[in-house]
Amino acid sequence: MDYHQPVLLTESVEALQIVADGVYVDATYGGGGHSRLIVQQLGANGHLYSFDQDEDVLPNLITENERFTFIHHNFRFLKRFLRLHGAGQVDGILADLGVSSHQLDDAQRGFSYRFEADLDMRMNREGERTATDILRTYSAEALQSLFSRYGEVRNAKTLAQAIVAERERRAIRSTTDFMLLLDPLVRGNRNRYLAQVFQALRIEVNDEMGALESFLAEAREVLRPGGRLVVIAYHSLEDRLVKNFFKTGNTAGEVIKDFYGNIERPFRILTKKAQLASPEELRRNPRARSAKLRYAEKIN
Ligand SMILES: C[S@@+](CC[C@H](N)C(=O)[O-])C[C@H]1O[C@@H](n2cnc3c(N)ncnc32)[C@H](O)[C@@H]1O
């Protein structure tokens with residue numbers, strides 16, 4: 001099976017407006033779909049730095065290409081690792097957020113309720129806490145908050161209380177343990193409900209919102225003026241952070257004024273509305289259905 005079918009591939013790579021001798025970053029290598037298309041467009045002095053925190057991408061890296069460097073780290077530390085590799089300012093940065101099909105479809109990883117596995121859900125298997133750790137240690141309030149914020153789970157409070165009551169009786173270690181608890185609590189469409197609960201836990205395990213915030217701030221610093229930042233988001237909260245950041249330079253979307261009252265506008269926004277996958281792409285790849293592409297050019 002394919003590692004991952006790239007989403008909005010031509011649209012997002014075109015948005016980078018690649019120049020042959022430019023320096024680019026793909027923050028989310030995954031199956032390398034976007035990285036390969038970028039490298040193809042580089043000339044002798046061009047370079048691509050690709051990040052991914054999951055070691056599973058390693059067997060599938062672009063090889064024997066002096067224009068490509070892989071960085072096996074979290075993109076939240078973009079600036080530090082680019083500096084470490086001697087990259088100065090860059091011409092364009094792409095991030096295709098979330099998880100890959102490989103991660104969702106690998107039964108062992110615990111990302112999916114479709115398979116029996118330990119409730120792990122770490123993209124980086126050296127990460128400190130798993131989904132089990134969260135279910136074991138978080139207070140009912142913290143659980144409720146993550147299920148309602150990241151999963152929009154309708155009965156988040158009931159679910160949080162059920163987890164706290166259940167863990168007094170037995171450990172919740174595997175997807176099966178968790179499903180036994182979830183099944184009587186399902187509201188509405190079962191698959192949708194379960195997907196929302198699992199997604200919320202995954203976002204918390206990997207601190208996906210925290211990583212995105214740090215990434216956006218660092219991307220702004222490492223981009224040269226005129227450079228492009230291109231982001232594909234799959235979750236409405238992520239998309240909102242990106243949209244706010246492009247508008248105001250901060251993810252809260254707070255308008256910042258300088259001493260003279262001039263409003264800070266760090267980016268020229270090139271997508272007034274998020275771009276979506278075409279009907280043709282959706283037919284080929286249903287996983288593209290929640291994708292939202294936004295891009296902007298750095299002014300300062
Ligand atoms: C949607 S996939 C990218 C797919 C890729 N564009 C392709 O076409 O093959 C997202 C990838 O980003 C990685 N990832 C997610 N968050 C990350 C982070 N904070 N730091 C580094 N990698 C991350 C995941 O491990 C996953 O492999």
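Strand 1, residues 23-26, is covered on both faces: Val 23 and Val 25 are buried on one side, and Tyr 24 and Asp 26 are buried on the other. Please keep in mind as you look around that this is a predicted model.

**Strand 1 and its partners**

- Strand 1 pairs with strand 2 (residues 47-51) in the parallel sense, over 4 bridges.
- Within that pairing, Tyr 24 is the residue that stands opposite Leu 48 of strand 2.
- Strand 1 also pairs with strand 4 (residues 90-96), again in the parallel sense, over 3 bridges.
- Here Asp 26 has Leu 94 of strand 4 as its bridge partner.

**Around the ligand**

- The ligand is surrounded by 22 residues, and the closest are Pro 6, Thr 28, Gly 30, Gly 31 and Gly 33.
- By type, the shell around the ligand holds 7 nonpolar, 11 polar and 4 charged residues.

**Helix 10**

- Helix 10 runs over residues 208-222, which makes 15 residues, and spans 21 Å from first C-alpha to last, close to the 21 Å expected at 1.5 Å a residue.
- Its buried residues are Glu 208, Ala 211, Leu 212, Phe 215, Leu 216, Glu 218, Ala 219, Arg 220 and Val 222.

**Helix 11**

- Helix 11 has 13 residues, and its 18 Å from first C-alpha to last is close to the 18 Å expected at 1.5 Å a residue.
- Buried in helix 11 are Glu 238, Asp 239, Leu 241, Val 242, Lys 243, Phe 245 and Phe 246.
- Helix 10, strand 5, strand 6 (267-269) and strand 7 are among the elements that cover these buried residues of helix 11.
- Just after helix 11 comes Gly 249, with a positive phi of about 85°.

- Asp 183 lies in the loop between helix 8 (175-182) and helix 9.
- Asp 183 counts as exposed because it has 11 C-beta neighbours inside 10 Å, and 12 or fewer is the cut-off for that label.
- From Asp 183 to Tyr 193 is 10 residues in sequence and 9.7 Å in space, C-alpha to C-alpha.
- Glu 168 belongs to helix 7, residues 156-169.
- Glu 168 is exposed because 6 other C-beta atoms lie within 10 Å.
- Glu 168 and Arg 136 are 32 residues apart along the chain, and 9.4 Å separates their C-alpha atoms.

- Gln 17 is not a glycine, yet its phi is positive, at about 50°.
- You will find Gln 17 in the loop between helix 1 (9-15) and strand 1.
- Gln 17 counts as partly exposed because it has 16 C-beta neighbours inside 10 Å.
- Glu 64, another residue other than glycine, has a positive phi near 45°.
- Glu 64 sits in the loop between strand 2 and strand 3 (68-71), and it counts as exposed because it has 5 C-beta neighbours inside 10 Å.

How values were computed:
Residues are numbered from 1 along each chain as its sequence is written. This is a predicted model: local features need pLDDT of at least 70, side-chain atom pairs count only at pLDDT 80 or more; totals for chains, interfaces and linings use all residues. A residue is near a molecule or strand if its C-beta atom, placed from the backbone, lies within 6 Å of it. Ala, Val, Leu, Ile, Met, Phe, Trp, Tyr, Cys and Pro count as nonpolar, Asp, Glu, Lys and Arg as charged, and the others, Gly among them, as polar. A residue is buried if 20 or more other C-beta atoms lie within 10 Å of its own, exposed if 12 or fewer, and partly exposed in between; C-beta atoms are placed from the backbone. Helices (H or I, at least four residues) and strands (E, at least two) are DSSP runs, numbered from the N terminus. Two strands pair if DSSP finds at least two bridges between them. The expected span of a helix is 1.5 Å times one less than its number of residues. Two residues are in contact if their C-beta atoms, placed from the backbone, lie within 7 Å.
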